[in-house]
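This report concerns the packing of one protein chain. The sequence and structure are shown first.

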Amino acid sequence: MAETDEPEKKRRRVVELTEKMVVDGVCGGSCEWEGRWNHIKKFLERSGPFTHPDFEPSTECLQFLLETCKVLVIGAGGLGCELLKDLALSGFRNINVVDMDTIDVSNLNRQFLFRSKDIGRPKADVAADFINSRIPGCHVVPHFKKIQDLDETFYRQFHIIVCGLDSIVARRWMNGMLLSLLVYEDGQLDQTSLIPLVDGGTEGFKGNARVILPGMTACIDCTLELYPPQINFPMCTIATMPRLPEHCIEYVRILQWPKEMPFGDGMALDGDDPEHIQWVFQRSLERAAEFNITGVTYRLTQGVVKRIIPAVASTNAVIAAACATEVFKLATSAYVPLTNYMVFNDVDGLYTYTFEAERKENCSACSQIPQDLHFSPSSTLQEVLDYMTESAYLQMKSPAITATVDGKSKTLYLQSVASIEQRTRPNLSKTLRELGLTDGQELAVADVTTPRTMLFRLGFTS
């Protein structure tokens, strides 16, 4: 009996000391205690049948993990909370987290770092405070901002970036940012400029984890067709015979917003702006009342506008664990990282599958050559714009197109600025020949899906 009691006493003593340090706000000097990192040392200080062929066990790996390695977590929602917890408990101490959202009551059922008292506060701030107070020695720095508000200098400081996002647009922007940081010498990639991206995504009981080495492996844009198509309702149903609360919300989003322009001409509907969502919510309630439809809520309105898919806590936990494991592999080189895409599904039973997504030679994001666009000279600029937004391989949102015509840079169309949109709108109905474009012409295209300007080469077809 005494033999079984002794380990239990030690375990309780460790728990008591840990709790005391957390309550007192101190870490006992170096925030270490005997045996704290034994589980990590077993991976880093000895070899094994599954270690990387080039891995050499040493104590330096753990020191790099604890003292040097800087990790950026993007998103502090359902996936982000799990990621922060997993990374901090795995020994990563220098962590930054970026999130632009505030905490809503609907988050509390799965985003376990938050409590009722935190409602209304920034997710990044609360998540960082929780981890810092709970895990001695860990230092999480929060950034209550959009990822687009941070520049190259900020992103360049990290060894690894891991995403827990619910937006394809944000993923693509982050993908573009890391690609823009790459340095090429005589056409060869300087691998010291490469920052690995670990990306996780969940959709109900399905999820995926992937490892992207920018400039070397398939990037986000290389595999755009893997993302599920958005659910769209027939326009005739939305306009004349709504039956669901979603129909009412879509009516306001698609028809009323462009017509009334409640926040000024040219102002696009922003799903992350509470004032915009509130306006859509109120008009949707009015629309629903006309047809005796119930079920329109603020949360549903936000979900329809932002195309939010319901989250499941268990799926978040599985995918976050997979992503954290890949971050650990990349940081320590102890094990071979995922190559390069893993899918998870527990809708019916439990299923996982790993495959290697192939890089596209003509990817608009990661290739070093302009992508070809084939159109007739009599095609209109509107047709080119439609292709860029509707193509499964591009999926742009609001492309702005410029070209050099007669030696001068000319904006052919720009949607985001109302005055320029009004001035360039007539170009949409003009043919490519009427716009002065020629065979082999380069088009520079900017879009919210990437921080970089993409180059396309126009090829005329007969």
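The model is predicted: local features need pLDDT of at least 70, side-chain atom pairs count only at pLDDT 80 or more, and totals for chains, interfaces and linings use all residues. Residues are numbered from 1 along each chain as its sequence is written, and side-chain values use heavy atoms, with hydrogens and water left out.

**Nonpolar cores**

A nonpolar core is a set of buried Ala, Val, Leu, Ile, Met, Phe, Trp, Tyr and Cys residues joined through side-chain atoms within 4.5 Å; buried denotes under 20% relative accessible area, exposed over 50% and partly exposed in between, with a 1.4 Å probe and protein chains only. The largest such core has 51 residues, and L84, L87, F92 and V162 touch the most other members. Its main contributor is helix 12 (residues 313–332), which gives nine residues. Helices are DSSP runs (H or I, at least four residues) numbered from the N terminus. Another core, of 23 residues, lies apart from the largest one and includes I161, M177, L197 and I220.

When residues up to four places away in sequence are not counted, L84 touches V73, I95, V97, L113, A127, I131 and V140. Contact here means heavy atoms within 4.5 Å.

Within helix 11, the buried residues are T301, G303, V304 and V305. Helix 9 and helix 10 are among the elements that cover them. The table gives the axis geometry, with axes fitted to C-alpha atoms over the stretch in contact and angles running from 0 to 180 degrees between N-to-C directions.

| Helix pair | Axes | Angle |
|---|---|---|
| Helix 9 (residues 245–260) and helix 11 (residues 298–306) | 10 Å apart | about 60° |
| Helix 10 (residues 274–290) and helix 11 | within 9 Å | roughly 110° |

On the side of helix 9, P245, E246, I249, E250 and R253 meet L300, T301, V304 and V305 of helix 11. By class, this contact has five nonpolar, one polar and three charged residues. Ala, Val, Leu, Ile, Met, Phe, Trp, Tyr, Cys and Pro count as nonpolar, Asp, Glu, Lys and Arg as charged, and the others, Gly among them, as polar.

From helix 10, P274, I277, Q278, V280 and F281 meet Y298, T301, Q302 and V305 in helix 11. The residues of this contact divide into six nonpolar, three polar and no charged.

Helix 11 is followed by R307, whose phi is positive, near 60°.

Terms used:
Helix = DSSP H or I, 4+ residues; strand = E, 2+ residues; numbered from the N terminus.
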